[in-house]
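Open the model in your viewer and keep the selection panel at hand. Here is a short tour, one selection at a time.

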Amino acid sequence: MTKKGIIKDINGPIVTIILPGVANGEQVKIGELGLYGEVISLQGSEALVQIYESTEMVRPGEPVEGLSHPLSVELGPGLMGGIFDGVQRPLEKMFLQAGDQIPRGLSPDSLDRESQWTFTPTESLEPNTQVSGGIQLGSVQETESVLHRILVPPDVSGELIEIAPQGDYSLDQTIAQVKTANGEIRRLKLFHRWPVRQPRPYQHRDHSSEPLITGQRILDTFFPLLKGGKGAVPGPFGAGKTMVQHQVARWSNADIVIYVGCGERGNELVDVLDSFPDLKDPYTGRSLMERTLLVANTSNMPVVAREASIYVGITIAEYYRDQGHDVVMLADSTSRWAEALREVSGRLGQMPVEEGYPAYLASRLSAFYERAGRVETHDCGKGSVSLIGAVSPPGGDFSEPVTSHTKEIIQTFWALSKELADARHYPAIDWVDSFSADVSTAAAWWHEQVDRNWEKRRGQALSMLARDAELSRIVNLVGPEALSSAQRWILEGAALIKEGVLQQSALDPVDTFSSPEKQFLLLDTLLTIYDQGADLIELGVPVQELSNLPILAKLRRCKEVYDSDQLDQLRAFREQAIKSFESIRSEYAQRGEQTS
Amino acid sequence: MSAKEYRTVSSAQGGLLTVSQVPGIAFGDRVEVRDSQGRKRNGQVIRSSSIEVLIQVFEGTDHLDLESTWVRFLDTPLEISLSPEILGRVFDGLGEPKDGRPPVVSRLHRGINANAFNPAARTYPKEFIQTGISTIDGLNSLVRGQKLPIFSASGLPHNRLAAQIVRQAKLPDEESHFSIVFAAMGVSYSDARFFQEEFASSGVLGNVVMFINMADDPPVERLTLPRMALTAAEYLAFDLDRHVLVVMTDMTHYAEALREVATAKGDVPARKGYPGYLYSDLTEIYERSGRIKDRHGSITLVPVLSMPSDDITHPIPDLTGYITEGQIVLSRELHNQGVYPPVHISPSLSRLMKDGIGKDFTREDHPHVSNQLYALYARALETRNLASIIGADELSARDQRYLEFADAFEKRFVAQGEDEDRSIVETLNLAWELLSLLPTTALTRVTETEMAKYHRHAGSELQQPEQKEPLA
Ligand SMILES: Nc1ncnc2c1ncn2[C@@H]1O[C@H](COP(=O)(O)OP(=O)(O)OP(=O)(O)O)[C@@H](O)[C@H]1O
Ligand SMILES: [Mg+2]
């Protein structure tokens, strides 16, 4: 039984319809073209609908149909490696069907119904047992690197009356039947639907204990994010937000990566689509695309679908979390999402509170970030969703509403600076404005896995950078002559850290990824050399003599010379550097003896 | 199709007309308005309900009265008529001829609000375009299919720079094959003439389509004009397989027109009175550039905008920077020092450069050289700053060399003649000449191999500068 009605008023993406009995949040199909939309408010028999596609040439009086379900996504095998739009329409398939541009009113199934998947039922699961949401029915090897666990949908529970034997099934085939408490038989398939605005349930939250390793030194070593953590990357245009997110998508030790291009450039998604298939996951050795999914709402697509896109992304992320995976979701950019919210609210005539944003901006943002976390799943152990949102503040001003609200919600803040980007110091993450609330948790992991001195060395580097900032201020007032030799050596040391550790080119084939071991070895080497130099200066060696040493230039470059599995060579180089400093010491000691 | 005509205007205010009792009018429909004297104006439906319809009148609503105004709904969205004959022609913001010649007759009409390109249909732009301008080619390379704006300000030579790009742009190993689409919004007569004469004198007129809206033409047409122009560009690129270079000037006038209209409609302002959807609106324009799978042609976009009060954080340049694939920023300071083109490299950026340069594209050292110049110039500017406080004499010998580098960089690398068309190899060689002003230990962004090959004094810090090689 479908509900039918008509269009009353068209105001851009906001359409008023007359459709008695329609529910808030319900999906509707409007007009001759059959454009999809979502009811956002009700008044009597009238409903306001936000439309995911352009409403050009749609007329009052055209028909409307209520679809009786909220905006939902299809969850099942076939997601990985795919690219979907903001309401989960499969873009590759639409390209084949409809060509270069996305036509209106087209809505193919999100997941392919033809493909066959080899389903292996869970051995211990016998018919006539009680099952409930999240119980694992079996599994499908979705790609070489992703084992896709087929779960009882969260809203189903009852007696398992039948489960299919191992074999090949398409998505439309029934793989299990469950008899619910009221006697209804639910036929379960390899996929199910879930409404995107409703967080998926889990047993309970679990605290995060492990850092997400991204292979990026300034992130992992200085401002770590935990698996299940919430992070933000704010920065002015061109500072490197997208690059940071792409790097995390490429190199982090997550099982699944969901990348949501929310109101950003089409070419940036093409970049991922083109490069990921040929890049190897450093942990599994498999193609990165096998564990990656893209949600693409490019900036020129209708803004209402942009608002939906991040919910589509996070719901898929939760679905893989429920299978016990560690998922990373990247949203570029949450500011564009907030702007979509603002645009719709403006059209509805709602009262703006700050810079045109509606009063509910802060609560929507925090509810969204709250869907990140590490949880105990129903049947698949622990799983996590780490959520990293880019923020694009107007004019690069971090005091604007989206940045400031986000800052209150997240634990890790990777602040990008225009000054650093202008000097081509990449990643342009400012070590003063950035923070991580989880350094001590991360430290436990680093101390266990890599080196007991991690936290100490990290602290030394940061305090050296802070001293550097102070001293540079003095230099800029009165010139370098005012500094003592020891102070000038600090400037050299800080420059070493900046160039040799903090700067990391995403474009350099070696430097793009740094294993935790390499990260620590680099940092420790540079600090050791710095300490040695400081001793020499105390002995009276002139700073000039040290800073002109060719070995220093080599130290700045060694991040690009030795990759993560050439640490022995890096260690050998380190010894050589240490020796050359020692030989200066003995030279000086001798000279000292001669003169005395 | 029979167009419907009504005389039920119930209000006329601030460029907007309300018409009552007109059932079933399409949102976005084109409208013709006739006043009491029978003079025509153009409009578009911006809100449509079963009770009344709101129309935006492009020429404004002044002198319209409620009784004798006729409104005709054309039952078609804004369209442009397309054929190869558009080349060499001049149109206004509604696609009507502005060159006194008859309209283009064609069966092919296209709506100017295209559906978004499917990201899965795009291919990543990679082909290096040589503009002959060192600061662009060497440091902020443009590739086919990129959108790279020029951020300028009043009184700076952005028009001359844009014209030089149009004259010189080509793939390094091909003769120029760009067709030009020129879109001018709210420009002065002298600016419009400048470009027309430019195109005429470089003999490309027959390969240019112009869309012109003068400063005294209706501002609302500035909103449709770039969409007309891009629809024409898409036709040239994807129907006729041409590589199209679209120059749009001045996007600031475009945004101001949008603000004017938004204010009249009562839209909630976000920053500086600009509507919250300025970003989305601009992307509808800029995202139409690019390369498409299995299509031979391409659309490269070079919009020009002036930064109000030279402020790069003003919403117009700011939002543009968030959309485009980089920006070329002009500096008043360099301009005042007589440097042409006054490109300030620090805030300039090309995001698509990384895949279009280097071995197999330009030269293997290009990425590192570019990076190195950036890093040195940033450092040199700091030194210059310091010198202005403590005096240049107080600087260390090393810092003195940075000062020398900054001056040489601006005078020899940034500055070039308006007719000087430097090949990418010339640009890179020039870059090495400048890098050679500094000792090899100061160059950590280039590799040792590159230094051995290109640095003038590699191997020996004490070696005297060799005689300068003549430029190839
Ligand atoms: N780690 C890095 N290594 C090398 N280059 C980088 C790095 N980070 C940023 N860049 C350079 O900076 C440019 C801009 O970066 P990016 O596109 O990520 O900026 P953004 O902050 O996302 O800007 P927008 O807000 O406009 O999208 C890149 O195209 C690249 O040239
Ligand atoms: Mg970005």
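The model is predicted.

**Stop 1: chain B, surface on.** Select chain B and show its surface. Now colour by burial. Of the 472 residues in chain B, 61% are buried.

**Stop 2: chain B, cartoon.** Switch to cartoon. Chain B shows 13 helices and 23 strands. The C-alpha atoms of chain B fill a box of roughly 90 × 50 × 40 Å. Then turn to contacts. Take those in chain B between residues at least 6 apart in sequence: 70% of them join residues at least 24 apart.

**Stop 3: chain B, charges.** Select the charged side chains. How many are positive and how many negative in chain B? There are 49 positive and 64 negative side chains. The centres of these two sets lie 3 Å apart.

**Stop 4: chain A, by domain.** Colour chain A by its domain assignment: domain 1 (3-70), domain 2 (117-190), domain 3 (204-437) and domain 4 (454-595). Finish with domain 2 and domain 4 of chain A. Their centres, taken over C-alpha atoms, are separated by 58 Å.

Conventions. Residues are numbered from 1 along each chain as its sequence is written. Chains are lettered from A and ligands numbered from 1 in the order in which they are written. This is a predicted model: local features need pLDDT of at least 70, side-chain atom pairs count only at pLDDT 80 or more; totals for chains, interfaces and linings use all residues. Side-chain values use heavy atoms; hydrogens and water are left out. Helices (H or I, at least four residues) and strands (E, at least two) are DSSP runs, numbered from the N terminus. Buried means under 20% relative accessible area, exposed over 50%, partly exposed in between (1.4 Å probe, protein chains only). Contact means heavy atoms within 4.5 Å. Lys and Arg count as positive and Asp and Glu as negative; His and the chain ends are not counted. The place of a charge is taken as NZ of Lys, CZ of Arg, CG of Asp or CD of Glu. Domain bounds come from an automatic or database domain assignment.
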